[in-house]
Amino acid sequence: MTHKKFRLIVVGDEILSGKRQDKHMSKMIELLNERGLSLHQVEYVGDDREAITAVLKKSFATDDVVFSTGGIGSTPDDHTRQCAAAALNVPLALHPEAKELITQRINTMAEGDTEKAKLSNPDNVLRMKMGEFPVGSEIIPNSYNLIPGFRIKEHHFLPGFPVMAAPMMAWVLDELYADLFHLTDFVEKSFIIPLGMEASLTTLMEQIEATHSGVKVFSLPSVGDPRKGGVFAKRHIELGLKGSLSEVEKAFPFLKEGVLKLGFEIHELPQAGD
């Protein structure tokens with residue numbers, strides 16, 4: 001469990017077409033980072049049953065912790081529940097807890113109108129479909145409107161609405177993965193190289209990773225932005241390290257020394273906690 005990778009699958013044509021901007025990735029990064037965890041990978045897939053099933057079948061074969069957002073509603077373009085069942089080769093079935101929660105939601109929306117509250121009402125029949133999950137699933141509570149998500153084989157399926165998905169993500173992390181929080185003192189430390197060129201720094205980056213196996217070197221080049229002024233106005237590179245605090249602190253002086261030996265200047269950046 002200490003080496004679990006966290007991944008995100010975002011389902012929806014509206015994301016791929018640009019009609020909606022994905023907000024799930026940034027929120028998941030925030031929630032994970034608050035807990036000393038990090039996001040390993042993000043995958044986007046449209047509202048296509050064959051494509052979603054293929055993505056999930058491959059994903060279920062891993063040991064990763066996966067969050068999937070979107071496609072768990074009851075309209076014709078919602079396929080994720082059915083695809084998850086197909087990927088696992090199990091049937092869909094109305095989950096008893098989901099039935100209770102959706103019934104509560106129906107009664108709340110009916111506001112005392114007995115006709116609107118009837119489960120045989122066509123609208124309510126469709127709403128109840130949202131409680132049909134792959135057999136073996138458990139529910140994920142939805143504090144926003146009671147309509148639950150579901151989880152199975154360390155895959156956690158949430159609505160496409162960020163206002164609902166975000167607290168559900170937090171619930172899953174806090175209830176199921178708290179033993180993974182803050183196991184390592186992961187940090188990033190970097191500086192700016194004005195007018196730096198990645199080609200000139202590549203060998204140094206490789207040397208640092210080869211001699212300090214506990215860190216990753218990252219390079220973020222920029223063409224510059226005159227509006228920011230100073231070293232940020234012209235071409236520059238942010239060069240830094242990621243890893244445990246002890247390993248980063250050990251390797252960072254060697255990275256800076258190597259950059260200076262190559263004849264570049266260094267512009268210090270404020271670090272977290274400074």
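In what follows, Ala, Val, Leu, Ile, Met, Phe, Trp, Tyr, Cys and Pro count as nonpolar, Asp, Glu, Lys and Arg as charged, and the others, Gly among them, as polar. The structure is a predicted model, in which local features need pLDDT of at least 70 and side-chain atom pairs count only at pLDDT 80 or more, while totals for chains, interfaces and linings use all residues. Residues are numbered from 1 along each chain as its sequence is written, and side-chain values use heavy atoms, with hydrogens and water left out.

The account begins with the sheets. Helices (H or I, at least four residues) and strands (E, at least two) are DSSP runs, numbered from the N terminus; two strands pair if DSSP finds at least two bridges between them. Six strands make up an open sheet of mixed pairing, in the order β2-β1-β3-β8-β7-β6. Because β2 and β6 stand at its edges, each with a single partner strand, one side of each is left without a neighbour in the sheet. From one strand to the next, the twist averages 20 degrees; axes are lines fitted to C-alpha atoms, for helices over the stretch in contact, and angles run from 0 to 180 degrees between N-to-C directions. At one end of the order, β6 and β7 run antiparallel and are joined by three bridges, with isoleucine 140 having glycine 149 of β7 as its bridge partner.

Two helices lie across this sheet. Helix α4 (residues 80-88) lies across β1, β3, β7 and β8, at about 15 degrees to β7.

Strand β8 (residues 155-158) holds histidine 156. With a relative accessible area of 2%, histidine 156 is buried, where buried means under 20% relative accessible area, exposed over 50%, and partly exposed in between (1.4 Å probe, protein chains only). Leaving aside neighbours within four places in sequence, the contacts of histidine 156 (heavy atoms within 4.5 Å) include Val65, Phe67, Ile140, Phe150 and Val172.

A second open sheet has four strands in the order β10-β11-β9-β12, with antiparallel pairing. Its edges are β10 and β12 (267-268); each has a single partner strand, so one side of each is left without a neighbour in the sheet. Helix α9 packs on this sheet and touches β9, β10 and β11, its direction making about 165 degrees with that of β10. Helix α10 (residues 245-261) lies across β9, β10, β11 and β12, running at about 150 degrees to β11.

The pairings within this sheet can be followed strand by strand. Nine bridges link β9 and β11 in the antiparallel sense, and isoleucine 193 stands opposite isoleucine 237 in β11. Between β10 and β11 there are eight antiparallel bridges, with isoleucine 237 in β11 as the bridge partner of proline 221. The antiparallel pairing of β9 and β12 extends over two bridges, and here phenylalanine 191 faces glutamate 268 in β12.

Two loop residues call for separate mention. Leucine 146, in the loop between β6 (138-140) and β7 (149-152), has a positive phi of about 75 degrees although it is not a glycine. Leucine 146 counts as partly exposed, at 29% relative accessibility. Leucine 195 lies in the loop between β9 (186-194) and α9 (198-211), and its phi is also positive, near 60 degrees. At 45% relative accessibility, leucine 195 counts as partly exposed.

Finally, there are the pockets. On a 1 Å grid over the protein atoms alone, a pocket is an open set of points where a 1.4 Å probe fits, with protein on both sides within 12 Å along at least five of seven lines; lining residues have an atom within 4 Å of a point. Grid points are joined across faces, edges and corners, and a volume is the space filled by probe spheres set on the points. The largest pocket holds about 1,100 Å³ of space. Its lining has 25 residues, and Gly36, Leu37, Ser38, Thr184 and Phe186 are the closest to its centre. By class, this lining comprises nine nonpolar, 11 polar and five charged residues. The largest share of it, three residues, comes from β11.

The second largest pocket contains about 810 Å³ of space. Among its 34 lining residues, Gly73, Asp78, Pro159, Gly160 and Phe161 lie nearest its centre. Elements that supply two or more residues to this lining include β1 (6-11), α5 (96-110) and α8 (162-176). The lining divides into 13 nonpolar, 12 polar and nine charged residues.
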